[in-house]
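Keep the sequence and the 3D view open while you read.

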Amino acid sequence: MSMIAAFYSGKSILITGATGFMGKVLMEKLFRTSPDLKVIYILVRPKAGQTTQQRVFQILNSKLFEKVKEICPNVHEKIRAIYADLNQNDFAISKEDMQELLSCTNIVFHCAATVRFDDHLRHAVQLNVTATQQLLIMASQMPKLEAFIHISTAFSNCNLTHIDEVIYPCPVEPKKIIDSMEWLDDAIIDEITPKLIGDRPNTYTYTKALGEMVVQQESRNLNIAIIRPSIVGATWQEPFPGWVDNLNGPSGLIIAAGKGFLRSIRGAPMAVADLIPVDTVVNLTLAVGWYTAVHRPKSTLIYHCTSGNLNPCNWGKMGFQVLATFEKVPLERAFRRPNADFTANTITSQYWNAVSHRAPAIIYDFYLRLTGRKPRMTKIMNRLLKTVSMIEYFVNRSWEWSTYNTEMLMSELSPEDQRVFNFDVRQLNWLEYIENYVLGIKKYLLKEDMAGIPEAKQHLKRLRNIHYLFNTALFLIAWRLLIARSQMARNVWFFIVSFCYKFLSYFRASSTLKV
Ligand SMILES: CCCCCCCCCCCCCCCCCCCC(=O)SCCNC(=O)CCNC(=O)[C@H](O)C(C)(C)COP(=O)(O)OP(=O)(O)OC[C@H]1O[C@@H](n2cnc3c(N)ncnc32)[C@H](O)[C@@H]1OP(=O)(O)O
Ligand SMILES: NC(=O)C1=CN([C@@H]2O[C@H](COP(=O)(O)OP(=O)(O)OC[C@H]3O[C@@H](n4cnc5c(N)ncnc54)[C@H](OP(=O)(O)O)[C@@H]3O)[C@@H](O)[C@H]2O)C=CC1
């Protein structure tokens, strides 16, 4: 019997960010392994025209929850969706709901965050810092609380190269930042943002670091742990391999490469691609919840959920395997044949941006205009290049995260728990994982039918022929222009033509002689 699964039985669990990528997988695993848990409270806001109930209904009826519904048929009754907006005071939770949350919750998993790299500092502070502070204040009023697990990111200290499982202070106190966001106007915040984030690349990593400081400062006598995952990718094993449902991290760029939009990224092929499957993060999170509640460590422990130091993969290898998979299972309606690379040189990268990204987009838009349609490729390409510029920081460097606490926890688990809540990334086969990731993107994210693969391959063949035709035409035009303008080119042309003529005459003469 799994001790961790048994621990969650009968428990009331509060999850923030349950509608997000990680939150959904966390809920799924909890229901699948501990179907006897009492209730999962989730804080949900209405979104995109859907009420909170409709959103929950959609999640429970998704492919991800298929297995859960077999194991725990009354899963609908065990989820309590509570209307909440983490940007509001007291999260806009009603008095009755708040009372229930405060009096019943045993474990809190705080996953909600804004993960946008370009979010305005005010908004990123509100969600990643102030909301964390408010949730901790709420947690301190929960008499039955056994553990509070905060999800941070391994990149909260990405300004360092070696990162230990400790909280590193930021120069300005989070409380001062929170206060200042209340009275500074947007223009001033824009001006001071680069100074505040310092040598971090964006507001996301900065506010996640502030969030950790808040956790430390507001911890009081709570049992708290922090988990720092690196770049979270599709599922490795559970509930099935390759599940993913959003464009964050590598997923959007893998699609862009598969569709043939993305041809080159300025990145170091040998830099460590510190990906971590989402089910691995969730397994560690649940194990940490159990350990924190049962063993009550004296201080707040931080757990790095990373792959680089135990089982490293690099960007070059990852890119190669992504392309190899697209050879076998191409995406439908690609713009060009998938062919992308990491290039460490800035000038080469700018060259490829002009030749392989911008120029084809301009040419295609020109073609759309000619055929009476609305141009759109330049806009798509600008968006893609913006995304690429934002991730460049992360694909040009390698980090070393110590994993002392994570390894300690692994050794504390029973063999059964090590199997059911496996977070040993040393067992991961990267080539297999990346292939499943790419297949998962095709199936679960793009919802493409596998029956369409032959047609997708035919389409790629047509694109290859168009590519050859286009290049030949381009060469001939360039050559024609060159010989019209340069005596030297004309001489070379004359030399080649007369050489071919002589060769053919000699060949014809020798074959006549033989007869
Ligand atoms: C060479 C071989 C190639 C093989 C592929 C290999 C890929 C390697 C990639 C490496 C990736 C490395 C990533 C490192 C990240 C490390 C960071 C630390 C990890 C974390 O802790 S947090 C999780 C990461 N967070 C994110 O990924 C969020 C990033 N997204 C953003 O910040 C914003 O969305 C972005 C990119 C700034 C765009 O903003 P904006 O222009 O305002 O656009 P919208 O967000 O409103 O979206 C508009 C439109 O674009 C679609 N979209 C959104 N994100 C992506 C994306 N990543 N890729 C492609 N398309 C994206 C979105 O759905 C919208 O579409 P519509 O159709 O609805 O308009
Ligand atoms: N994905 C990754 O690569 C990594 C993620 N992390 C961390 O993991 C955690 C989960 O990330 P992930 O699941 O990928 O992120 P998602 O963007 O998929 O999910 C974010 C969640 O936060 C919720 N949320 C955001 N704003 C509000 C709000 N105002 N009120 C209520 N809920 C809100 C979202 O709700 P809604 O659906 O309504 O928008 C969603 O459920 C985050 O803390 C992130 O920093 C760490 C490392 C890497």
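## Ligand 2

This is a predicted model. By class, the residues around ligand 2 comprise 14 nonpolar, ten polar and four charged. The shell holds 28 residues. G17, G20, A112, A113 and V232 are the closest. Two elements give two or more residues each: α2 (21-33) and β8 (231-233). Helix α2 supplies the largest share, three residues.

## Ligand 1

Ligand 1 is surrounded by 30 residues. The closest are T153, N248, G252, G319 and A340.

Which element gives the most to the shell around ligand 1? It is α15, with seven residues. By class, this shell has 19 nonpolar, six polar and five charged residues.

## Domains and record annotations

The domain assignment gives two domains. Domain 1 is built from three segments, 3-249, 266-309 and 399-423. Domain 2 covers 457-514. How far apart do the C-alpha centres of domain 1 and domain 2 lie? They are 62 Å apart.

UniProt, in an unreviewed entry, lists residues 15-284 as "domain: Thioester reductase (TE)". In the model, that span is 42% helix and 14% strand. Its end C-alpha atoms lie 16 Å apart. The unreviewed entry also lists residues 357-448 as "domain: Fatty acyl-CoA reductase C-terminal". Here the span is 70% helix and 2% strand. The end C-alpha atoms of residues 357-448 are 25 Å apart.

## Listed transmembrane regions

UniProt's unreviewed entry gives "transmembrane region" for residues 466-483 and for residues 492-509. How much of residues 466-483 is helix in the model? The span is 100% helix and 0% strand, with its end C-alpha atoms 26 Å apart. Residues 492-509 are likewise 100% helix and 0% strand. Their end C-alpha atoms also lie 26 Å apart.

## A helix crossing

Two packed helices are described by the angle between their axes and the distance between the axes. Take helix α12 (residues 278-295) and helix α16 (residues 404-412). Their axes come within 11 Å and cross at roughly 75°. Angles of 65 to 115 degrees count as roughly perpendicular, so α12 is roughly perpendicular to α16.

Which residues meet at this crossing? From α12 come L284, A287, V288 and Y291. From α16 come T406, L409 and E412. By class, the contact has five nonpolar residues, one polar and one charged.

## Backbone exceptions

Most residues other than glycine have a negative phi, and most peptide bonds are trans. Two places in this chain are worth a look against that background.

One is the peptide bond joining E238 and P239, which is cis, with omega about -5°. P239 sits in the loop between β8 and α11.

A48 lies in the loop between β2 (39-44) and α3 (52-60).

How values were computed
Residues numbered from 1 in each chain as written. Chains lettered and ligands numbered in written order. Predicted model: local features only at pLDDT ≥ 70, side-chain atom pairs only at ≥ 80, totals over all residues. Near = placed C-beta within 6 Å. Helix = DSSP H or I, 4+ residues; strand = E, 2+ residues; numbered from the N terminus. Nonpolar A, V, L, I, M, F, W, Y, C, P; charged D, E, K, R; others polar. UniProt positions renumbered as here; feature names shortened; annotations may be inferred. Domains from an automatic or database assignment. Axes fitted to C-alpha atoms, helices over the stretch in contact; angles between N-to-C directions. Parallel < 35°, antiparallel > 145°, perpendicular 65-115°, else oblique. Contact = placed C-beta atoms within 7 Å.
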